[in-house]
There are 2 protein chains.
Amino acid sequence: MAESDVQNGVEKTLSFKAFKPQLLLQAPKATDAVDFYKAAFAAEELNRTLHSKRKAEQETPAILSVELRVSDFSLLVSNVFDDSASAEKVAESRVVLFLETEDIEAAVSKAVSAGAVVESKIAEGDGPYVGNRVAKLKDPFGFTWLIGTPAKESPVGEV
Amino acid sequence: MAESDVQNGVEKTLSFKAFKPQLLLQAPKATDAVDFYKAAFAAEELNRTLHSKRKAEQETPAILSVELRVSDFSLLVSNVFDDSASAEKVAESRVVLFLETEDIEAAVSKAVSAGAVVESKIAEGDGPYVGNRVAKLKDPFGFTWLIGTPAKESPVGEV
């Protein structure tokens with residue numbers, strides 16, 4: 001049974017559609033890590049996101065993130081570049097927990113009420129989260145959570 | 001399509017039945033963390049494992065690990081006690097990735113061939129893994145994986 005909230009007299013049930021641990025690696029190690037997870041766990045590559053800036057500057061586009069599937073389970077393997085805002089996060093917490101929901105405002109609000117701290121407000125996602133609106137939260141125990149939802153207003157083909 | 005192995009002329013497909021990130025917390029914080037995830041993400045408690053030694057010594061049995069369900073996804077929230085062998089692991093890597101399989105020997109062997117290092121050989125699990133045979137591996141990128149399988153020979157009712 002899912003827990004329910006009563007807000008403004010309307011009962012709302014919070015639900016999540018996906019849960020994907022994201023492994024952060026100092027760039028460019030994610031490429032080798034992806035090869036390892038394919039070899040070690042028979043992981044299958046679902047999609048990869050390239051680094052848009054580096055794509056223009058270099059011959060070989062740098063990998064930003066790869067989504068892998070291990071049986072029925074998803075895993076994101078991502079490079080953190082030194083010029084990225086999240087570079088400092090690699091040492092601190094190398095696994096980020098991503099939850100996909102249909103109602104990001106309600107999900108963030110509920111988590112904050114419970115004691116989570118917003119590290120990045122709801123905004124257009126980048127890297128593996130392009131096409132999604134994403135917020136980054138730190139829970140009271142030091143774990144980082146990303147709450148995301150597919151962007152409704154994004155025109156088809158723009159992503 | 002799952003990746004296949006040809007071993008001794010027999011094609012084997014490696015598959016996993018569950019994937020559960022395990023969050024490690026310095027004891028006794030897991031109790032509060034469980035309350036937080038219930039409040040923040042509408043997580044539902046599936047089961048809890050108590051600390052058998054501390055159960056005898058103390059009035060209130062200490063929680064070792066709680067399995068939570070967030071929508072269709074499982075998460076383990078575990079206390080690490082100072083007297084535990086894994087105490088040092090909390091600072092180093094606070095998220096451990098658990099994979100359940102039906103053929104633990106094949107899964108461990110494949111991961112080791114790919115470059116993983118065995119930290120704990122296949123043995124009877126404790127805490128949230130009681131009733132399972134579990135091996136602990138470190139991948140070449142510093143992440144810790146537990147590969148587990150339900151123990152076949154364990155008599156019903158002994159766990």
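Reader: How many residues of chain A are in contact with chain B?

Author: In this predicted model, 45 residues of chain A are in contact with 45 residues of chain B. Contact here means heavy atoms within 4.5 Å.

Reader: How do you know what area chain A and chain B bury between them?

Author: The size of an interface is often given as the accessible area lost when the parts come together. For chain A and chain B that is about 3,700 Å². Of this, 74% is on carbon and sulfur atoms.

Reader: Which residues in chain A lose the most area to chain B?

Author: They are Phe41(A), Phe141(A) and Phe143(A). Together they make up 19% of what that side buries.

Reader: What makes up the side of chain A that touches chain B, by element?

Author: Strands S3, S6, S7 (95–101) and S10 (144–150) of chain A each give two or more residues, as do helices H1 (29–41) and H4 (104–114). H1(A) gives the most, with nine residues. By class, that side has 31 nonpolar, five polar and nine charged residues.

Reader: Why is the pair of Tyr37(A) and Phe41(A) called stacked?

Author: Two values decide it. Rings pair if their centres lie within 6.5 Å, and planes under 30 degrees apart count as stacked. The centres of Tyr37(A) and Phe41(A) are 6.1 Å apart and their planes are at 10°, so the pair is stacked. Both residues lie in helix H1 of chain A, four residues apart, about one turn of the helix. A search of the whole structure finds 22 aromatic pairs over all chains.

Reader: What makes the peptide bond from Ala27(A) to Pro28(A) cis?

Author: Its omega is near 0°. Pro28(A) sits in the loop between S3 and H1 of chain A. In chain B, a cis peptide bond joins Ala27(B) and Pro28(B), with omega about 5°. Pro28(B) lies in the loop between strand S3 (16–26) and helix H1 (29–41) of chain B.

Reader: Now within chain A: which domains is chain A divided into?

Author: Domain 1 covers 19–92 and domain 2 covers 94–152.

Reader: How do you know that domain 1 and domain 2 of chain A touch?

Author: By the contact count: 16 residues of domain 1 of chain A are in contact with 14 residues of domain 2 of chain A. The two domains bury about 1,200 Å² between them, 56% of it on carbon and sulfur atoms. Across their interface the rule finds zero salt bridges. Three residue pairs are in polar contact there, both residues at pLDDT 80 or more.

Reader: What supplies the side of domain 1 of chain A that touches domain 2 of chain A?

Author: Strands S3 (16–26), S5 (63–70) and S6 (73–80) and helix H3 (89–92) of chain A each supply at least two residues. The largest share, seven residues, comes from S3(A). By class, the residues of that side divide into eight nonpolar, five polar and three charged.

Conventions: Residues numbered from 1 in each chain as written. Chains lettered and ligands numbered in written order. Predicted model: local features only at pLDDT ≥ 70, side-chain atom pairs only at ≥ 80, totals over all residues. Heavy atoms only, no water. Domains from an automatic or database assignment. Buried area = accessible area lost by both parts, 1.4 Å probe. Salt bridge = Lys/Arg side-chain N within 4 Å of Asp/Glu carboxyl O. Polar contact = N/O pair within 3.5 Å; in protein donor to acceptor, adjacent residues only side chain to side chain. Nonpolar A, V, L, I, M, F, W, Y, C, P; charged D, E, K, R; others polar. Phe/Tyr/Trp six-rings, centres within 6.5 Å; stacked < 30°, edge-to-face > 60°.
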